[in-house]
Amino acid sequence: MGTVERNIESIIHKYMNINKVILIYGTRRVGKTRLIQKIKLEYEKSSAIFNGEDLEVQEIFSRRTHENYRRLIGDSTLILIDEAQAIPGIGSHLKFMIDSFPNITIIATGSSSFDLVNKSGEPLTGRNYQFLLFPISYEELIKHYGFVNARQQLDDLLIYGSYPEVVLMTSNEDRINYLKGMVQNYLLKDIFMYEAIKNSNKIFDLLKLLAYQTGNEVSNEELGRNLGISKNTVSKYLDLLSKVFVIFRVGGYSNNLRKEIVKSSKWYFYDNGIRNAVIGDFTPPGSRIDTGQLWENFCFYERIKFTKYRNHSNEYFFWRTYDQQEIDMIEKTNSGLNAFEFKWKEKNKFKIPAFFSSNYPEVSYSMIHKNNIEDFIS
């Protein structure tokens, strides 16, 4: 049925034709290249596109002079740079270009946050808008396939995730091979390119531990003991994995009540297919013991996609007390808190934890299952 239209495209169009840098982040193979190619194709004025991983492009950008960039830009009013993080010092180049040529808009994509802003020494403060492109959202699938067909894909989404090429594949064998190749060849490429990792195997071992512990509280000390590395090294690896958009952290919520746990962390994957490829398990939901974990992971990242694409600055937490009362997700919005529990199968009754209901009586509490997921993320 063709390429799935991405929600972020209409958002980006609102920021074009102004003298700013539009930064689009996202993991490799998430659809950034196809997105900017489509933007270029539909752009009515003159534009130019460059691949930051091309050595000739890197050499051209290395000459940071007004005349060099004038020749590079020509009569284009839109400059698109794919995989811009591969160009050394790209942040300073972007700043120089946007300051020197007031009639251009620059769109730069990056599969990590390395070097685009943080390491350039030339911050783009006030000169850029930043967006994160996720794997295809369930909301986008509903728009593309319709409600019924999208609902029929839920099992596959839990197992194979929603990378664009995976969604369009019809063979599960092809999906498995693709995801295994992603993990082996693409997922951590930027980490190994920009950071000196002494033992890359430990990164994969850490990902495996996190995959098995999805939705569970973990500590850096415990992860370090299991891997035979220091907690500081664990912290570094977790930070790097976050910067390439493989995993994200959720902390504990507290209103400074004595019984609430706040120091622990939970880690989730941005895509279930990657999570399952890391542990090599593509068993269908009905035949595995971790379906609840997959559902919780799915609900977390789908809610984040839903709110991020609407430019909401919501924050996300879990909630637990020392006597094991818990809630999967606490969503902090500008208007207050929302509480959600995730269950793959619908239950007729669910009970709000007593300590939570007595201390947060104004907070709405909902059970999210596969029969009402659309109300949660669309």
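The structure is a predicted model, and its secondary structure comes to 18 helices and twelve strands. The radius of gyration is 22 Å, close to the 21 Å that the globule rule gives for 378 residues, so the protein is as compact as a globular protein of that length. Along the principal axes, the C-alpha trace spans about 70 × 50 × 45 Å.

Of the 378 residues, 55% count as buried, and among contacts between residues at least 6 apart in sequence, 73% join residues at least 24 apart. The accessible surface comes to about 17,400 Å², of which 46% belongs to carbon and sulfur atoms. As for charge, the protein has 48 positive and 45 negative side chains, and the centres of these two sets lie 4 Å apart.

Strand 8, which covers residues 265-269, has five of its five residues buried, so this strand is largely enclosed by the rest of the structure. Both of its faces are covered, with Ser265, Trp267 and Phe269 buried on one side and Lys266 and Tyr268 buried on the other.

| Partner of strand 8 | Sense | Bridges |
|---|---|---|
| Strand 6 (residues 217-218) | antiparallel | two bridges |
| Strand 7 (residues 247-252) | antiparallel | five bridges |

Ser265 and Trp267 both belong to one side of strand 8, together with Phe269.

Terms used. Residues numbered from 1 in each chain as written. Predicted model: local features only at pLDDT ≥ 70, side-chain atom pairs only at ≥ 80, totals over all residues. Heavy atoms only, no water. Helix = DSSP H or I, 4+ residues; strand = E, 2+ residues; numbered from the N terminus. Rg over C-alpha atoms; globule rule 2.2 N^0.38 Å. Buried < 20%, exposed > 50% of the residue type's maximum accessible area, 1.4 Å probe, protein only. Contact = heavy atoms within 4.5 Å. Areas by Shrake-Rupley, 256 points an atom, 1.4 Å probe, with all protein chains shown as cover. Lys, Arg positive; Asp, Glu negative; His and termini not counted. Charge placed at Lys NZ, Arg CZ, Asp CG, Glu CD. Pairing = 2+ DSSP bridges.
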